[in-house]
Amino acid sequence: MTPTAPARTSPDLSFLLDHTSHALRTRMSAALGEVGLTPRMHCVLVNALAEERTQIQLAEIGDMDKTTMVVTVDALESAGLAERRPSSRDRRARIISVTEKGAALAEQSQKIVDRVHEEALGSLPARDREALVRALNALAGGHLATPAESPGPVRRARQASK
């Protein structure tokens with residue numbers, strides 16, 4: 001007898017969230033690439049403009065490891081969009097200060113990000129948009145607010161079987 005796949009008892013939420021997230025990230029990367037930014041660069045610029053934040057704080061907000069954050073800030077500095085400066089609150093810490101050029105580009109890139117999000121939500125009927133955003137906020141602020149400890153690296157989910 002040939003073994004068969006176990007019957008599903010619920011929708012494949014992992015695939016649905018991972019696939020749509022991956023598709024959204026690729027669209028966002030392409031759109032921001034048109035102005036010379038990556039999503040990480042945009043995240044650092046916008047969040048550094050909001051208030052004085054250290055490189056570590058910005059890495060946490062953008063869910064970046066230390067190496068990725070350093071590479072991202074190096075790219076922003078090379079492009080003249082941001083600078084590392086001593087913190088006014090803690091002389092041992094370095095903050096990321098956005099230049100005027102960086103602030104202008106952040107304004108432009110935020111419009112791009114908003115457009116990509118609006119396009120994604122615009123593909124749904126209005127009532128479904130509101131329900132999706134409400135449900136995702138509930139998950140992100142509740143049951144899925146904190147990742148579980150994992151013994152190994154977590155990889156991108158598999159593609160759906162047809």
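Partly exposed, in these notes, means a relative accessible area between the 20% under which a residue is buried and the 50% over which a residue is exposed. I am working from a predicted model.

**Entry 1: R115**

I began with R115, which sits in helix α5. Its relative accessibility came out at 36%, so I logged R115 as partly exposed. I then looked up its distance to S29, which lies 86 residues away along the chain: the two C-alpha atoms are 13 Å apart.

**Entry 2: two helices that cross**

Next I turned to a helix pair. I like to remember that two packed helices are described by the angle between their axes and the distance between the axes. For helix α2 (residues 39-50) and helix α4 (residues 66-78), I found axes that come within 10 Å and cross at roughly 80°. Angles of 65 to 115 degrees count as roughly perpendicular, and α2 and α4 are therefore roughly perpendicular to each other. On the α2 side I listed R40, M41, V44 and L45 as the residues making the contact, and on the α4 side T68, M69, T72, A75 and L76. Sorting the residues of this contact by type gave me six nonpolar, two polar and one charged.

**Entry 3: V44**

V44 belongs to helix α2. Setting aside neighbours within four places in sequence, I noted contacts from V44 to L58, M64, M69, T72, L76 and I96.

**Entry 4: the nonpolar core**

In soluble globular proteins, nonpolar side chains tend to be buried together. With that in mind I looked up the largest nonpolar core here, and it has 24 residues. The members with the most contacts inside this core are L37, V44, L45, M69, L76 and I96. Which elements give two or more residues to the core? My list reads α1 (13-33), α2, α3 (55-61), α4, β2 (94-98) and α5 (100-122). The largest share, five residues, comes from α5.

**Entry 5**

Leaving aside neighbours within four places in sequence, I96 is in contact with V44, A48, R53, Q55, L58, V73, A82, E83 and R84. I then checked how covered β2 is, and four of its five residues are buried. Strand β1 (residues 82-86) pairs with β2 in the antiparallel sense, over five bridges. Within this pairing I found R85 standing opposite I95 in β2.

**Entry 6: P86**

P86 is found in strand β1. I logged P86 as exposed, since its relative accessible area is 54%. Not counting residues up to four places away in sequence, P86 touches A93, R94 and I95. Its C-alpha atom is 9.1 Å from that of T54, a residue 32 places away along the chain.

**Entry 7: D63**

Most residues other than glycine have a negative phi. What is phi of D63? I read a value near 55°, which is positive in a residue other than glycine. D63 is in the loop between α3 and α4. With 72% relative accessibility, D63 counts as exposed.

**Entry 8: V133**

My last stop was V133, in helix α6 (residues 126-141). I put V133 down as partly exposed, because its relative accessible area is 35%. From V133 to T9 I noted 25 Å, C-alpha to C-alpha, with the two residues 124 apart in sequence.

How values were computed
Residues numbered from 1 in each chain as written. Predicted model: local features only at pLDDT ≥ 70, side-chain atom pairs only at ≥ 80, totals over all residues. Heavy atoms only, no water. Axes fitted to C-alpha atoms, helices over the stretch in contact; angles between N-to-C directions. Parallel < 35°, antiparallel > 145°, perpendicular 65-115°, else oblique. Contact = heavy atoms within 4.5 Å. Nonpolar A, V, L, I, M, F, W, Y, C, P; charged D, E, K, R; others polar. Core = buried A, V, L, I, M, F, W, Y, C linked by side-chain atoms within 4.5 Å. Buried < 20%, exposed > 50% of the residue type's maximum accessible area, 1.4 Å probe, protein only. Pairing = 2+ DSSP bridges.
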